[in-house]
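Here is a short briefing on one protein chain. Look at the structure first, then read the notes below it.

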Amino acid sequence: MIVGIDIGGSTTDAVLLNNGEVIVVTIETGDPVAAAAGALGKLLSTAGGALADIRVIAASGGGARCLQDHLFGVPVVKVPEIVAIGVGGSTLAEKKDALVVSLGTGTALVSVRGEQIEHVGGTGVGGGTLLGLARHLLGVSRLDTLEQMAMTGDLTRVDLTVGDIAGGPVGIVPASATASNFGKVRSDPTLADKAAALVNMVAEVTFTVSLMAARARQHHDIVLTGKLSRVKPLRERIEDMQPRRGENIIIPPYADYATAIGAARAASGHGDGRI
Ligand SMILES: Nc1ncnc2c1ncn2[C@@H]1O[C@H](COP(=O)(O)OP(=O)(O)OP(=O)(O)O)[C@@H](O)[C@H]1O
Ligand SMILES: [Mg+2]
């Protein structure tokens, strides 16, 4: 058995890979060592295994540096987060050439071309932005509340479109394209409208940055991973966006556990940890 742990800015995700079987658990990240220990305990109690059955713990994410080289006697291998994201996203999507985007607390962009895995860049706009602005703008702390509000809101009362400004399309840009997120200041939106606009802004920013990075690095396939991909209205908004040059957007199974799976696969050399 091999365990992959991703100690991220919001959550600690852990996966146990055992000859084709996958078990996943998530706990909120507090103290990184406690989070890793808790995730390990939860995995073992779910799998019904023993510590001695675990060959190695592959640790990644911002909190991994806090772990020692053993956890409860099991060797810990640190996998750089960029490698874990690249291996996780590309193997889950079964692509050897792709831009892998981690939609986590923030956003990280990773180019994968065969064995070559490279950090392209990233932004601070991500799931943390969504939750933080929901709290500050709307007084909403729960993600499920935000999702429900966003699904009933009306974007046209918050976002300024190209059509609003120009009266129609401008060159290749359709009238419905956003000219300015939150730019329609002369209307009185409801909280639900603002929730929709907030989800839309994070979706548009992350999607646009991903598309630009994919084009700069000549990738046709864009693999989206991270827990932000679970947020239904955001995922639907991204799936709705049709890239003009036909880039392929993939949200693979286990996208929300891609970094933890990538850490485990990288540490196992894609051997018995493969799912
Ligand atoms: N069940 C959930 N628990 C926590 N966050 C969730 C959940 N579902 C969706 N999210 C969204 O996903 C974001 C966290 O994503 P993820 O867990 O992939 O990031 P992370 O690995 O903790 O952070 P990073 O990789 O940026 O350090 C949250 O900010 C939130 O917007
Ligand atoms: Mg992460």
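This is a predicted model: local features need pLDDT of at least 70, side-chain atom pairs count only at pLDDT 80 or more; totals for chains, interfaces and linings use all residues.

Residues are numbered from 1 along each chain as its sequence is written, while chains are lettered from A and ligands numbered from 1 in the order in which they are written.

**Domains**

- The protein chain is split into domain 1 (2-86 + 258-267) and domain 2 (95-154 + 189-251); such bounds come from an automatic or database domain assignment.
- Between the C-alpha centres of domain 1 and domain 2 there are 25 Å.
- On the domain 1 side 10 residues are in contact with 13 residues of domain 2, where contact means that C-beta atoms, placed from the backbone, lie within 7 Å.
- Helices α2 (81-92) and α8 (258-267) each give at least two residues to the side of domain 1 that touches domain 2, and the largest share, 4 residues, is from α2.
- By class, that side of domain 1 has 4 nonpolar, 6 polar and no charged residues. Nonpolar covers Ala, Val, Leu, Ile, Met, Phe, Trp, Tyr, Cys and Pro; charged covers Asp, Glu, Lys and Arg; polar covers the others, Gly among them.

**Helix α6 on its own**

- Helix α6 covers residues 191-216; helices here are DSSP runs (H or I, at least four residues), numbered from the N terminus.
- The 26 residues of α6 should span 38 Å at 1.5 Å a residue, and its end C-alpha atoms are 37 Å apart, which agrees. The expected span is 1.5 Å times one less than the number of residues.
- Just after α6, Q218 has a positive phi of about 55°.

**Helix α6 with α3**

- Two packed helices are described by the angle between their axes and the distance between the axes.
- Helix α3 (residues 127-138) packs against α6 at about 155°, with the axes 10 Å apart. Axes are lines fitted to C-alpha atoms, for helices over the stretch in contact, and angles run from 0 to 180 degrees between N-to-C directions.
- The angle makes α3 roughly antiparallel to α6: under 35 degrees counts as roughly parallel, over 145 as roughly antiparallel, 65 to 115 as roughly perpendicular, and the rest as oblique.
- In this contact, T129, L130, L133, A134, L137 and L138 of α3 meet L191, K194, A195, L198, V199 and V202 of α6. The contact of α3 with α6 has 10 nonpolar, 1 polar and 1 charged residues.

**Helix α6 with α4**

- The axes of α4 (residues 143-152) and α6 come within 7 Å and cross at roughly 100°, which makes α4 roughly perpendicular to α6.
- L146, M149, A150 and T152 of α4 make the contact with L191, A192, A195, A196 and V199 of α6; by class there are 8 nonpolar, 1 polar and no charged residues.

**Helix α6 with α7**

- Helix α7 (residues 232-240) and α6 pack at about 45°, with axes 9 Å apart, so α6 is oblique to α7.
- V199, N200, V202, A203 and F207 of α6 meet P233, L234, R237 and I238 of α7.

Definitions and conventions: Two residues are in contact if their C-beta atoms, placed from the backbone, lie within 7 Å.
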